[in-house]
Amino acid sequence: MIIVFALFLLTLLVITALAIVQTTNLFVAVMLTSIFSLLMASNFFILDAADVALTEAAVGAGITTVIFLAALMLTTEHEKPHLSRRKLNTVVITILASLIIYATFDKPRLGDPDAPVHQHLAPWYLEKTPEYMDFPNVVTAILGSFRGYDTLGEVFVVFAACIGVLFILGVKPPEGSTYNPYRSGLKHHLIPQVVGRLLIPFLVLFGLYVQFHGEYSPGGGFQAGALIASAIILYALLEGEAAALRAVPRSVLLGLVIGGATLYGGVGVVCILMGGNFLEYTVLLDNPVAAQQTGIILIEAGVGMAVCGALLSIFHAFAARPMRV
Amino acid sequence: MDLTPHLPALQVIVPMLSAPLIVLLKPRGLAWAGATAVALLSFAVALNMAIAISDGAHYRYDMGGWAAPYGIELSVGAFSSLILLIVTGAAATALLAGRASIDSQIEPDRQPMFYAAWLLALAGLAGIAVSADAFNIFVFMEISSLASYVLIAGGPNRRALPAVFKYLVMGTIGATFYLIGVGLVYMMTGTLNLADMEARVGAVDDINPILVAAGFITIGLALKAAVFPLHVWLPNAYTHSPHMVTVFLAACATKVAIYVLIRFDFFVFQSNFDWHGSHFSSFLMPLGLLGILVASAVAMFEGHIKRLLAMSSVAQIGYIILGASFVTQDGLTASAAHLFNHALAKGGLFLAIAALACHYDDLRLDRLAGAARSMPWTSAALAICGFSLVGVPGTAGFISKWLLIDAALDQGPFAWLLVLIILASSLMALAYVWRIVETLYKKPAVVQPSSAGEAPLELLLITWLIALANIGFGLFPQFPLNLASAAAELLMGHAL
Amino acid sequence: MNLLELLGYFNYWVFAIVLMVGLYTVIAKINLVKKLIGLSIFQSAVFLMYITMDKVEGGTAPIILKGMEGNVFSNPLPQVLILTAIVVGVSTLALGLAIVVRIYESYGTIEEDEILDAD
């Protein structure tokens, strides 16, 4: 049954992708992209990737869409319908597609427990996580500790994007720009007001749950950061961007980003100072299991802070920019 | 406490963790001072490792205390060390020399973010060089790419924006291709550590996914490295970025991608598959040769001095790729040496151009006529670095060109053709460098400089330091050559 | 060929098709926002490829609760990698959009050919 459902979802995925290419209204394209992400998230869930599904839904379908819409507001909604005339494109793409499909014939069968992917590293992680960390979510264990250095890098990718957007949009807007008419939010629309206000506290609460329960169930810093950021973005949409900035000012957001990134890096440096390698949490406390848990909780907090602050800074950088007339 | 075993990690985390703190340094000049200090510290770390490595050391580091392949391993050998020297050297030099130039191109309130992005680019490039984990390389590639997009977008002219957009799109496609390739290899081997991949990839029965993976990885990284004909993002990105960013990125950004390309192909595939060597050369040798010829020819007729040198960079990438495509010890040595020498020459040239730009707003070649009269020192340094780029005897460029020709002579019946192409392109290089020198020295001035006199003293001093280094490493090339031949040995050691 | 096997191939084919749809959008469309949308589809396809390989027959999400130690779990590692990749994707996108906004402000258009004509 679930397989039929998966086939159905995948087919929808392809149809949505084609529809996105076809449409010349960018607003429609962005909304379809959001649907595409949700379908993708459902697919991930069917394939047992709960953490990834949660992230794709929060980041792909939520935050990405909002940033796209904010950018469309500052640019234009319509795409000129013609294509570039280079014939080469189709040739390149056909060759690549057949190459990939050719490669799939030797790929291991889906779900084959004897596939090489499931032989080497994965069993080790599944076996050692209960021993070294003593908590159930293996994804969090790899993310926070076994491959914690990747995650640190990822936090700095987000940080780079955040300062990048602030830098690029930090120049003065062109002469004669005006603020957009929706800057005051949807204050005068009753239904979004009521529904939205009901949602915000739950979103924040869910975000905090995901943050602090990441060792036990799907979730962690990224998902939490994205969820809390989306709660505040929702607030900004309802009450106006200025009100959201009053509630959480820009300096606080930048502080969150810097604080989060520094907290994560700081934990690593403390590990060096206490005689371990970078990010070797085991040296933090006498009990190695408790030390691993402490380290992971601390860095997850850093991740959550940095992601939440960065996404909100990016949102405000777009939303607060006056439009070119 | 002894920090020596931590050096590979410090190489990355020092600039990376400093970046957020730099954002906080609002007062004028402080962000510059902080970033420069950090970049110099990174250079000291790289130099420290390079000296130990040329005595035969090899650094390994287990991140988080988890042994490879379960954790992420850092590994610094001769090849990585050479790249680290180039990256940190370029970052530090450009910052030291560039305060006035950056001040004139970036508004004061945006400067802290600019310097933070600079350090992130440095950390990302260094992170790629030290990493021994395929996926970790992807993460740091993205850090360095995002940071370099930011740096280029700081360009004063609006043309920087479409240029950086193109770079962003093509860079992301390149990185994603790499990710697909890594995914396919991971699918067939179950591991992400490069050394572990090498050990396991030979045991794979179904070879098709590996073949496709090799293709994706090579094309993706060639895109990042601006190998001809995938170089279309490079000329505009280099031309319109702030002058100091051009110094930094032209000296090292594409070279790090070449490094990953060579390292991945030689570490993972070369020793396992008989076909790999011939595939590698038959794919990259034509591209290298075409790149050398076409880009040099285009550069001869280019009117904007930065664009001219950017095209010349594409040609130089061709030389590096050509050397590697011989798949011999000599060829790889020539490649590695050329990585280093080209960084010196091109870095020096772009520094001199930044100095010219202090007094000339318009950098089209015909507008620069007669500049040597008001800026004799800058022009002389530019000429020295230019001759090093051509490969005039006595300069660093000569050493690597010589090695390349030497390596080409072993290439069977068509060796004479290869040598001929290298010589022809050197003549073309001489033609475009001579065109610059002639314009600066011989032609009557068209535009009066905005103010008379030389560039700021620190910029001039550093430019001359690099120009003298071009001569110094031409006369005494032992140190980089030792590293280069050790690097080639490391790469070919896997083939034996 | 049983259903799971079919789904296995189907997943990879969908990956290939979506990847190419994304790449086509990036290369052939000249609207800059559309290019970025294509880029994000292109990246999503790769996420699908990684997540497809994590599935183990009869497995569940890799969360080892008490009393479940003997169960079959799907592979956690590709999931971790894709978590990272998703965040990298959104970061690139945000930066790209910021550049597009600035391009629109300076050129008054986000169509590539008109931008080229303007300079």
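Cys358(B) is partly exposed, with a relative accessible area of 27% (buried means under 20% relative accessible area, exposed over 50%, and partly exposed in between, using a 1.4 Å probe and protein chains only). This is a predicted model, where local features need pLDDT of at least 70, side-chain atom pairs count only at pLDDT 80 or more, and totals for chains, interfaces and linings use all residues. Residues are numbered from 1 along each chain as its sequence is written, chains are lettered from A and ligands numbered from 1 in the order in which they are written, and side-chain values use heavy atoms, with hydrogens and water left out.

- Cys162(A) is in no disulfide, and the nearest cysteine sulfur, which belongs to Cys308(A), sits 11 Å away.
- Cys162(A) is also buried, at 0% relative accessibility.
- Back to Cys358(B): this residue is in no disulfide either, and the nearest cysteine sulfur is that of Cys385(B), 16 Å off.

**Where chain A meets chain B**

- Chain A puts 50 residues into the contact and chain B puts in 60, with contact meaning heavy atoms within 4.5 Å.
- The size of an interface is often given as the accessible area lost when the parts come together.
- Here, the area buried between chain A and chain B is about 4900 Å², and carbon and sulfur atoms give 75% of that (buried area is the accessible area, with a 1.4 Å probe, that two parts lose on being put together, summed over both).
- Between chain A and chain B there is 1 salt bridge, a term for a side-chain nitrogen of Lys or Arg within 4 Å of a carboxyl oxygen of Asp or Glu.
- That salt bridge pairs Arg147(A) with Asp133(B), whose closest N and O atoms are 2.7 Å apart.
- On the side of chain A that touches chain B, at least two residues each come from α4 (88-104), α5 (122-132), α6 (138-146), α7 (148-168) and α11 (250-273). Helices (H or I, at least four residues) are DSSP runs, numbered from the N terminus.
- The top contributor to that side of chain A is α7(A), with 15 residues.
- By type, that side of chain A splits into 34 nonpolar, 10 polar and 6 charged residues (Ala, Val, Leu, Ile, Met, Phe, Trp, Tyr, Cys and Pro count as nonpolar, Asp, Glu, Lys and Arg as charged, and the others, Gly among them, as polar).

**Salt bridges over all chains**

- The whole structure holds 14 salt bridges.
- One of them joins Lys128(A) and Glu131(A), at 3.9 Å from N to O. These two are 3 residues apart in helix α5 of chain A, so about one helical turn separates them.
- Lys128(A) is buried at 17% relative accessibility, whereas Glu131(A) is partly exposed at 46%.
- In chain B, Arg99(B) forms a salt bridge with Asp103(B), at 3.7 Å between the closest N and O atoms. Being 4 residues apart in helix α4 (residues 99-105) of chain B, they too are about one helical turn apart.
- Asp362(B) and Arg367(B) meet in a salt bridge as well, at 3.6 Å from N to O.
- Finally, salt bridges with shared partners link Arg147(A), Asp150(A) and Asp133(B) into one network.

Terms used:
A disulfide is a pair of cysteine sulfur atoms within 2.5 Å.
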